[in-house]
Every structure is written in C-alpha cells, then in structure tokens.
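Student: Please take a close look at one part of this model. Walk me through what surrounds it.

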Amino acid sequence: MSALLFAFNIGDQLFLDQGGVNAVGGAQGKYATISSFLNLLVPLAFIIAGIILLFLLIGGGFAIISSGGNAKSVEQGKGQITGAVIGFLVIFAAFWIIQIIQRITGVPILNSTL
C-alpha cells in the first residue's frame, strides 16, 4: 500500500511536459514547465482575491447597516471591512512587488511584456 502512496507524480497530475509521453494520458504535456503553470495560476489568484474582497466589503457593509444600533454587530462589520481592506493592501503590494522584480531581473513572472 505504501508503494501506491509514493507512486503519485505531481508532474503527471499537472500535465507537465516531460519531454515525451505523459504517463497518465499518453499525450504531450499541457504545460512546458512548472513556471508556465504558475503563470496561469498567479493572475487567477489575484482575480479570486478581488472577488473575495468585493463580497467581504458588501458583507461588512450589510452587517453595519442591518445592525439596528447593536454595537457588537457594528464592530463585527467594521472588523470585516478592515480585514478586507488590509487583505486588499497585501494583494496589491504583492502584485507591485512582482512587477518590480520583473523590471529589475527582466524575468517575465506574470507573462507580461516588460
């Protein structure tokens, strides 16, 4: 049973091109390297983070509006909005740090043109 556990190859699961036939599907890999897979994944993570931010802001605003003067509900709503804004700032900073690294090194991390 332990041999089956360690027979898992993440390259096969991500359909990485291994210079030949893929063991899972018998076809060429979909992604040439792990970095090409990450170039697909990172921009999607930014989009998903933006959608989550939107829902958290709407939820926090709704909690404040519907609190009816209850101080505990107002604080929960404010905390949710504060957390969403801090999360946005972290994601925004991460995006610009990646942009700066791309400019300094010349390596296209997010498949963008320099």
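**A glycine and its neighbouring helix**

Tutor: Gly-59 is placed in helix H3 (helices are DSSP runs of H or I, at least four residues, strands of E, at least two, numbered from the N terminus). The model is predicted, so local features need pLDDT of at least 70, side-chain atom pairs need 80 or more, and totals for chains, interfaces and linings use all residues. Numbering starts from 1 along each chain as its sequence is written, and side-chain values use heavy atoms, without hydrogens or water.

Gly-59 counts as partly exposed because its relative accessibility is 26% (buried is under 20%, exposed over 50%, partly exposed in between; 1.4 Å probe, protein chains only). Phe-55 also lies in H3, which covers residues 34-65. Phe-55 reaches 57%, so Phe-55 counts as exposed.

Now look across from Gly-59. Gly-77 is 18 residues away in sequence, yet the two C-alpha atoms are 7.5 Å apart. Gly-77 is one of the buried residues of H4.

Follow H4 from end to end. At its start, a side-chain oxygen of Asn-70 comes within 3.2 Å of the backbone nitrogen of Lys-72. H4 takes in residues 71-105, 35 residues. Gly-106 follows H4, with a positive phi near 80°.

Note on methods
Expected span 1.5 Å × (residues − 1). Polar contact = N/O pair within 3.5 Å; in protein donor to acceptor, adjacent residues only side chain to side chain.
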